[in-house]
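Take a look at the fold first, then read on.

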Amino acid sequence: MKKYIIAAALLIGTGAVINTAVQSCTTLATSDLGLSIIKRLLLNGIDKGVNIYSNREAFLQNNMVDKALPKELRDINSMLEKVAPSLVAKERAYIADAAVYTVNISKPILVNAVNSLSAQDVTRIIQGEKGMATQILKEKTSQQLVAAIAPKVDEQLNQYGIVKSINTALSGSNLLGSLLGGNKTTVNSGGLSQLASEQLVNGMFNIIEDYEIQNSKSLLGPLGK
C-alpha cells in the first residue's frame with residue numbers, strides 16, 4: 001500500500017502536498033493521484049517490454065522471455081536438440097522476429113487496459129502483494145492479446161517454413177503424441193503458433209511485473225520500507 005504513496009512525489013512530480021495525518025493510506029492511494037501513480041508504473045513497464053520486443057537481439061537475450069516458454073514447446077525443443085539442434089536456434093530467431101512483428105498490436109491493448117483501471121482494481125492493487133498491478137493487467141488482457149497476435153505469429157512462422165522443418169526433423173517419432181496429446185505424429189502449424197503466442201504474451205507480462213517489483217524496491221529501499 002505504502003509503496004505507491006511514497007512513489008507519488010517521486011514519479012509524478014505534481015508538487016502536491018500529501019498530508020498523511022489527515023488522509024488515510026487507502027484514501028490517498030485510491031485518489032486521482034494514487035491512480036495516476038499506478039498507471040504510470042504499469043505504462044513504464046509496458047514501455048520497457050515494448051523496447052525489448054522491438055529489438056530482436058534484446059528479445060533473444062532476455063531471460064524473462066525464455067522463462068515464459070510453454071512446457072509443450074520446451075519439450076519439443078528438447079527433442080529437437082537431440083536430432084536437429086540448429087532448428088531450435090532458428091525457431092527462437094523466428095519467434096523473435098514475430099515479437100518485432102506483433103509488438104505494435106500488443107501495446108495498444110495493454111495501454112487501453114491500464115487507462116481503464118477501475119476503483120476496484122486499485123483497491124486490489126493496494127491491498128495485494130507485489131506484482132498485483134501486473135496480475136490484474138494480465139487478467140484483463142491475456143486472452144485478448146493471444147487472440148490478436150496468434151494469426152500474425154502463424155503468418156510469420158509459416159513464412160519461414162519452420163513447422164515443416166520441425167516435422168521433417170521429428171518424422172517417425174512416437175513422442176509427439178505424448179507431448180501434444182492424442183496420436184499426433186506431426187506438429188500442427190496453428191498449435192506451434194499458439195504456443196509461440198503464449199510465450200510472447202507471458203514474456204511481456206514477466207517484464208512488466210519485474211519492472212513493477214524492481215521499481216518499488218528502488219523507491220522504498222532507502223526509506224527502509
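Arg56 and Asp97 bring their side chains together in a salt bridge, at 2.6 Å from N to O. Arg56 belongs to helix H4 (residues 56–61) and Asp97 to helix H7, so this pair ties together parts that sit 41 residues apart in sequence. Keep in mind that this is a predicted model.

How much of each partner is on show? Arg56 is partly exposed, its relative accessible area being 30%, whereas Asp97 has 15% relative accessibility and so counts as buried, the cut-off being under 20%.

## Two links between H8 and H9

Searching the whole structure turns up seven salt bridges. One of them pairs Lys140 with Asp121, with 3.1 Å between the closest N and O atoms. This one links distant parts of the chain, since Lys140 is in helix H9 and Asp121 is in helix H8 (residues 119–127), 19 residues apart. Lys140 comes out as partly exposed at 38% relative accessibility, while Asp121 is buried at 9%.

Arg124 and Glu139 form a salt bridge through their side chains too (3.0 Å, N to O). Here Arg124 sits in helix H8 and Glu139 in helix H9, so the pair ties together parts 15 residues apart in sequence. Arg124 is partly exposed, with a relative accessible area of 35%, and Glu139 is partly exposed as well, at 47% relative accessibility.

Is Ser142 buried or exposed? Ser142 is buried, at 18% relative accessible area. Leaving aside residues up to four places away in sequence, Ser142 touches Val201 and Phe205.

## How H7 meets H10

Back to H7, the helix that carries Asp97. The axes of H7 (residues 85–115) and helix H10 (residues 162–169) come within 11 Å of each other and cross at roughly 160 degrees. Angles over 145 degrees count as roughly antiparallel, and H7 and H10 are therefore roughly antiparallel to each other. The crossing of H7 past H10 is left-handed.

Which residues make the contact? On the H7 side there are Leu87, Lys90, Glu91 and Tyr94, and on the H10 side Ile162, Ser165, Ile166 and Ala169. Sorted by class, the contact of H7 with H10 has five nonpolar residues, one polar and two charged.

How values were computed:
Residues numbered from 1 in each chain as written. Predicted model: local features only at pLDDT ≥ 70, side-chain atom pairs only at ≥ 80, totals over all residues. Heavy atoms only, no water. Buried < 20%, exposed > 50% of the residue type's maximum accessible area, 1.4 Å probe, protein only. Contact = heavy atoms within 4.5 Å. Axes fitted to C-alpha atoms, helices over the stretch in contact; angles between N-to-C directions. Helix = DSSP H or I, 4+ residues; strand = E, 2+ residues; numbered from the N terminus. Parallel < 35°, antiparallel > 145°, perpendicular 65-115°, else oblique. Left-handed = near helix turned anticlockwise from the far one by under 90°. Nonpolar A, V, L, I, M, F, W, Y, C, P; charged D, E, K, R; others polar. Salt bridge = Lys/Arg side-chain N within 4 Å of Asp/Glu carboxyl O.
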